[in-house]
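Hi everyone, thanks for coming. Let me put the sequence and the structure up, and then we'll walk through a few side chains together.

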Amino acid sequence: PRGLGTSSYQNNTGRSIQVMLSIKISASLHDGDVYAELSTNNTSWTRVMHLSDSDSNEQMILIVPDGYYYRFPYDKATTTTLGGIYYWAELRDNNL
């Protein structure tokens with residue numbers, strides 16, 4: 001199963017995919033942040049999105065080019081105090 005942290009996932013579909021993450025971040029965490037990062041080599045990462053403590057359900061939607069890696073690292077929080085992942089989806093259209 002998919003998870004937050006330093007685990008990375010490679011898009012090897014031959015096409016770009018859309019990735020959507022819906023997560024709860026509690027305002028009581030004070031700086032419990034979640035990021036979206038992309039990499040071409042799974043070593044050097046570029047931060048492309050950032051969610052901060054908001055005490056609400058938040059979403060990240062990003063396009064991951066073919067061959068790229070993506071991950072959702074976090075800091076100053078744990079997966080328990082983040083409140084959990086509501087949805088994690090990869091949109092792929094194999095018919096295009």
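By salt bridge I mean a side-chain nitrogen of Lys or Arg within 4 Å of a carboxyl oxygen of Asp or Glu. Please keep in mind that this is a predicted model, where local features need pLDDT of at least 70, side-chain atom pairs count only at pLDDT 80 or more, and totals for chains, interfaces and linings use all residues. Residues are numbered from 1 along each chain as its sequence is written, and side-chain values use heavy atoms, with hydrogens and water left out.

In the pair of R47 and E37, the closest N and O atoms are 3.1 Å apart. R47 sits in strand β4 and E37 in strand β3, so this pair ties together parts 10 residues apart in sequence. Strands here are DSSP runs (E, at least two residues), numbered from the N terminus.

For R71 and E37, the closest N and O atoms are 2.7 Å apart. R71 belongs to strand β6 (residues 69-71) and E37 to β3, so that pair ties together parts 34 residues apart in sequence.

Buried or exposed, what are R71 and E37? Both R71 and E37 are buried, meaning under 20% relative accessible area, with exposed over 50% and partly exposed in between (1.4 Å probe, protein chains only). R47, at 49% relative accessibility, counts as partly exposed.

Conventions. Helix = DSSP H or I, 4+ residues; strand = E, 2+ residues; numbered from the N terminus.
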